[in-house]
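Me: Please show me the model, and then let us work through it question by question.

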Amino acid sequence: MTLATTTLAAAAVLTATFAVAQNLDAGKSPQKLFADGCATCHRSPRGLAKGRFNLTLSWFLKDHYATSSDTAKALAAYLESVDTAPPRAAAKPGPKRSGPRAPKPSQSQ
């Protein structure tokens, strides 16, 4: 093996290790993904899923915004989870009113 061949082989190995693509979104929570990539244009995640199917939403996110299928699926699941209507508070029991109240009697002295 000549010096040129050895140098070329070493350069190829070093180039191959640096050329590996990294998923910068790996390990981030869906909330962090939203904050980093979506919050610039969208104030809140609420309503962004708009009743879409999870599969079509994740495909859309993968094609336009997410770096991988896994991050697109996680982000789609998060958007669907916050898209549900907030739970309604239980009504407080109280007197039922059937109509307008009668005026209070005046007190004369």
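Me: What pLDDT does the protein chain average, and what share of the residues score at least 70?

Reply: This is a predicted model, in which local features need pLDDT of at least 70 and side-chain atom pairs count only at pLDDT 80 or more, while totals for chains, interfaces and linings use all residues. Residues are numbered from 1 along each chain as its sequence is written, and side-chain values use heavy atoms, with hydrogens and water left out. With pLDDT being the predictor's confidence in each residue, from 0 to 100, the protein chain averages 78, and the share of residues that score at least 70 is 64%.

Me: In which helix is confidence lowest, and in which is it highest?

Reply: Helices here are DSSP runs (H or I, at least four residues), numbered from the N terminus. Where pLDDT is low, the predicted coordinates should not be read in detail. The lowest confidence belongs to helix H1 (residues 3-18), at a mean of 61, and the highest, at 92, to H3.

Me: Which residues of H3 are buried, and what covers them?

Reply: The buried residues of H3 are Leu57, Ser58 and Leu61. They lie on the same side of H3 because they cover an arc of only 95 degrees around the axis, taken from the directions from the helix axis to the C-beta atoms. On the other side of H3, Trp59, Asp63 and His64 are exposed, whereas the cover over the buried residues includes H4.

Me: How many disulfides does the structure hold?

Reply: A disulfide is a pair of cysteine sulfur atoms within 2.5 Å. The sulfur of Cys38 has its closest cysteine sulfur in Cys41, at 8.6 Å, which is too far for a bond. Cys38 is buried, at 14% relative accessibility, whereas Cys41 is exposed, at 71%. The number of disulfides is therefore zero.

Note on methods. Buried < 20%, exposed > 50% of the residue type's maximum accessible area, 1.4 Å probe, protein only. Helix = DSSP H or I, 4+ residues; strand = E, 2+ residues; numbered from the N terminus. Contact = heavy atoms within 4.5 Å.
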